[in-house]
Amino acid sequence: MSITRRSLLGGLGVAAALGTTAAGRSRRRPRKGEKLKITKLADRLMFPEGPTVLPNGDVLVVELHRGTLTRVRPDGTTSIAAETGGGPNGSALGPDGRVYIANSGGLNRFEVGGFVFAGGIPDDYEGGSIQAVDLSDGSVETLYSDGLRGPNDLVVDAHGGIYFTDYGKSDGVTGDKGRLFYARADGSSIEMIAGGMEGPNGIGLSPDGTRLYVSETYTARVWWWDVTGPGEIKGGRSLGGSGGGNFLYTAPDYTNFDSLGVDGHGNVCVASMVHAGISIISPKGDLVRFVDINVDNDPGITNITWGGEDMRTAYVTASSTGHLLKIENWPHPGLVLNHAT
């Protein structure tokens with residue numbers, strides 16, 4: 001028997017199931033006249049993540065439990081762009097037109113109440129990697145793999161360098177500490193730039209490239225660093241900040257943060273599981289709005305990006321039911337990412 005998000009949360013005694021925060025405050029709703037139009041653009045995807053909008057309007061997603069980079073056309077039809085193997089978690093366009101993949105090396109598939117999730121270490125796990133896909137022929141090049149445990153998400157800067165999170169792996173008893181890396185897109189160099197984190201997941205840059213943001217899953221916290229040069233970050237403003245980062249925001253109720261996107265106003269838009277939706281957080285750390293996304297009761301909202309002529313169309317992955325959602329009339333225009341045009 002399947003369960004709803006309300007009962008999933010209610011079984012954990014969470015006030016969010018009743019539409020309030022743990023402190024009893026009502027969640028913010030879209031303002032009048034800004035009604036979101038949500039369409040299931042594609043379905044039957046095997047834990048989709050990492051949406052990337054191409055210049056022609058197609059959307060790429062990785063399918064973690066299928067080991068593919070998949071193309072979704074505007075009419076919703078899908079095709080395999082590349083066979084990545086492992087467990088691809090994130091994707092981004094690079095300076096050479098290739099699509100860069102953060103590959104976790106694979107995660108176990110499991111279900112809770114009929115909803116699909118991912119975790120643990122599969123029997124065929126051989127390590128994580130950063131890959132590059134040539135869309136013209138689907139060829140895949142592994143750029144980095146040595147010492148990588150579970151790359152999760154990535155963002156490409158204006159210089160063509162790749163910031164990425166390595167979530168690590170856990171067997172349910174012991175687990176890795178998470179790390180941040182900076183690597184060149186040509187495969188020539190990689191450097192760890194932060195460590196000791198608790199499940200770093202999403203990663204993004206501010207519109208001017210001077211801030212790096214990272215979300216942690218189970219702590220439901222967002223951290224930030226000043227970017228002082230390509231691959232150079234500086235934190236230290238928060239005592240004991242994860243990875244030496246500066247504290248920005250934490251969720252007030254039971255929430256698992258997943259990936260994030262930065263919009264054109266500089267807000268950090270964090271996708272969340274269990275308490276499913278998007279937290280829109282200002283650069284000052286204020287919650288601007290929580291956008292509740294309830295499609296087929298999916299508790300697994302994992303990623304967001306934007307496209308369209310006005311960048312007001314959001315593409316959101318509902319991973320636990322295998323949907324790519326198209327959401328029109330998003331509250332703020334998205335950020336045009338580096339190398340996306």
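Two strands count as paired if DSSP finds at least two bridges between them, and the strands themselves are DSSP runs of E with at least two residues, numbered from the N terminus. The model is predicted, so local features need pLDDT of at least 70 and side-chain atom pairs count only at pLDDT 80 or more, while totals for chains, interfaces and linings use all residues. Residues are numbered from 1 along each chain as its sequence is written, and side-chain values use heavy atoms, with hydrogens and water left out.

**View 1. Strands β17 and β18 form a hairpin.** Find residues 211–216 for β17 and residues 221–229 for β18. The two run antiparallel and are joined by six bridges. As a landmark, look for Arg211, which sits opposite Asp226 in β18. Four residues lie between the strands, and in this turn Ala220 has a positive phi of about 55°.

**View 2. Strand β18 also pairs with β19 and with β20.** Which strand does β18 meet through four bridges? That is β20 (residues 246–250), and the pairing is antiparallel. Here Trp224 faces Asn246 in β20. The hairpin of β18 and β19 has two residues between its strands, and Gly231 takes a positive phi near 75°.

**View 3. Strand β10 is largely enclosed by the rest of the structure.** Why is β10 (residues 129–134) described as largely enclosed? Because five of its six residues are buried, where buried means under 20% relative accessible area, exposed over 50%, and partly exposed in between (1.4 Å probe, protein chains only). β7 (residues 99–103) pairs with β10 over five bridges, running antiparallel, and Ile101 lies opposite Gln131 in β10. β11 (residues 139–144) is likewise an antiparallel partner of β10, with five bridges.

**View 4. A salt bridge joins Lys40 and Asp296.** A salt bridge here is a side-chain nitrogen of Lys or Arg within 4 Å of a carboxyl oxygen of Asp or Glu. How many does a search of the whole structure find? There are twelve. In this one, the N to O distance is 2.7 Å. The pair links distant parts of the chain, 256 residues apart: Lys40 belongs to β1 (residues 37–42), and Asp296 to the loop between β24 (287–292) and β25 (301–307). Lys40 is partly exposed at 42% relative accessibility, and Asp296 is partly exposed at 43%.

**View 5. Arg179 forms a salt bridge with Asp166.** Their closest N and O atoms are 3.2 Å apart. Arg179 lies in β14 (residues 178–184) and Asp166 in β13 (residues 161–166), 13 residues apart. Is Asp166 buried or exposed? Asp166 is buried, with a relative accessible area of 1%.

**View 6. Lys177 and Glu198 meet through their side chains.** This salt bridge has an N to O distance of 2.0 Å. Lys177 sits in the loop between β13 and β14, while Glu198 sits in the loop between β15 (190–197) and β16 (200–205), 21 residues apart. Lys177 is partly exposed at 47% relative accessible area, and Glu198 is partly exposed at 38%.
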